[in-house]
Amino acid sequence: MTSKKDNLSELQQKDLAYNWHPYVQHKTMQPPIVITKGRDAILWDENGRKFIDAIGSWWCNPHGHANKYISKAISRQLKTLEHVLFGGFTHPKAIELSERLLSILPHNQKKVFYSDNGSTAVEVAIKMALQYHINKGEKKDCIISFEDAFHGDTFAAMAASGIGLYTESFKGLLLKNHRIPVPTDENIEQVENQLKEIIKNNKAAAFIFEPILQGAAGMRVYKPKYLDRLMAICRESEVLTIADEVMTGFCRTGKLFACDYLEEKPDIICLSKALTGGFIPLSATTTTQKVYDAFLSDEVNKALFHGHTFMANPAGCAAALASINLTLSKQTEDNLERIYQHNLTFALELKDNPKVKNVEVLGVMLRFELNVNDKDYYGDLRNKVYDYFMKNRIIARPVGNVLYILPPYCITNKQLNKVYKVFRKTINKFVS
């Protein structure tokens with residue numbers, strides 16, 4: 001009798017023997033697909049099968065896989081300096097990258113603190129916000145965030161998140177957090193009043209948000225003007241604002257940063273994912289001069305005692321500089337518009353289909369919901385749809401009943417059309 005294990009490749013067997021994968025129950029998981037190479041929007045598995053990466057490998061590959069321009073920048077840097085501790089030292093690429101970032105971020109950002117990934121960028125931001133108030137003589141012990149937010153898996157980032165599946169095992173162990181609904185045309189006044197009440201009755205250090213687009217919540221879009229109103233309330237009440245641009249940064253929403261849609265400007269911004277074009281883990285937490293100045297003192301304990309071994313890694317900085325060059329290029333500008341127009345055309349088709357609802361296009365993001373009752377985050381429908389995508393060689397991860405794409409900017413029209421074709425088949429297969 002043939003066992004399931006006998007059908008696995010040697011690499012799959014070794015992977016299951018040694019590795020622990022994220023966001024999956026290993027007892028019931030499907031064997032992982034072994035990817036051996038990539039180029040642009042395509043990944044190849046060990047059997048030579050091609051997959052279209054329609055989500056840029058968790059939103060971090062804006063310029064596709066194995067991009068030659070970024071690869072060469074990393075190679076050049078590695079021949080000179082692979083790493084140096086950032087405590088008491090610096091290096092040219094870190095200086096150049098900080099200067100470059102501050103030149104393209106909202107004008108109020110003045111300082112850059114490096115770490116390793118999106119969650120640690122958020123962790124640093126929340127620690128900054130809490131200590132900012134402590135250094136100014138007031139202890140504030142809670143934060144504010146949106147319902148269904150996701151900001152990462154480290155402890156402060158989990159506290160700021162609102163998706164129970166990711167945090168329910170840690171109830172009672174996290175920093176205090178007050179959640180408010182995402183603002184809409186119908187509830188904006190109630191949300192404003194709720195925010196004011198939270199600030200009045202609690203010692204809130206900061207309000208953290210994914211600006212205008214909530215990723216893990218199912219690519220939920222909300223209006224910049226309403227976020228502006230909430231940020232203004234925080235500013236008037238000395239509550240710092242933290243923009244988590246880990247997913248939205250570097251043109252995902254159509255503008256360079258989602259904060260560019262806002263009139264208000266955040267006190268702190270978190271960046272990662274597309275920062276290095278998906279090549280090397282690196283993140284940045286940027287702040288205003290006002291926040292930075294609160295840590296300047298003759299008292300050593302008012303310094304920010306936080307650091308990461310590989311912060312400001314030279315190769316990562318080189319990758320980021322190359323990725324930013326590509327992001328600001330005319331070719332990327334043209335690709336962004338091309339993808340946006342293709343998504344708009346497909347969205348018009350979807351809006352006439354009663355089997356789907358809540359169709360949205362923002363920048364290179366397209367999302368819609370299957371018109372079904374099963375909306376569980378990792379429910380039966382979601383898992384079946386995901387398996388169907390894999391059979392059709394499309395890498396996309398449904399969020400409950402929400403299907404979306406957030407592709408690399410180099411995806412071709414032919415590849416986009418194949419993704420749309422698989423989406424059409426999915427709709428007809430899973431919605432009666």
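Analyst: The protein chain has 14 helices and 16 strands; these are DSSP runs, with helices (H or I) of at least four residues and strands (E) of at least two, numbered from the N terminus. Its radius of gyration is 22 Å, close to the 22 Å that the globule rule gives for 432 residues, so the chain is as compact as a globular protein of that length. That radius is taken over C-alpha atoms, and the rule is 2.2 Å times the number of residues to the power 0.38.

This is a predicted model, in which local features need pLDDT of at least 70 and side-chain atom pairs count only at pLDDT 80 or more, while totals for chains, interfaces and linings use all residues. Residues are numbered from 1 along each chain as its sequence is written, and side-chain values use heavy atoms, leaving out hydrogens and water.

Of the 432 residues in the protein chain, 54% are buried (under 20% relative accessible area, with a 1.4 Å probe and protein chains only).

Histidine 83 lies in the loop between helix H3 (68-78) and helix H4 (92-104). Leaving aside residues up to four places away in sequence, histidine 83 touches Thr309, Phe310, Met311, Asn313 and Pro314, where contact means heavy atoms within 4.5 Å. Two of these neighbours also meet the histidine 83 side chain through polar atoms: the backbone oxygen of threonine 309 at 3.0 Å, and the side chain of asparagine 313 in a polar contact at 3.2 Å. A polar contact is a pair of N or O atoms within 3.5 Å; within protein, one must be able to donate a hydrogen and the other to accept it, and residues adjacent in sequence count only if both atoms are side-chain atoms.

Definitions and conventions: Buried means under 20% relative accessible area, exposed over 50%, partly exposed in between (1.4 Å probe, protein chains only).
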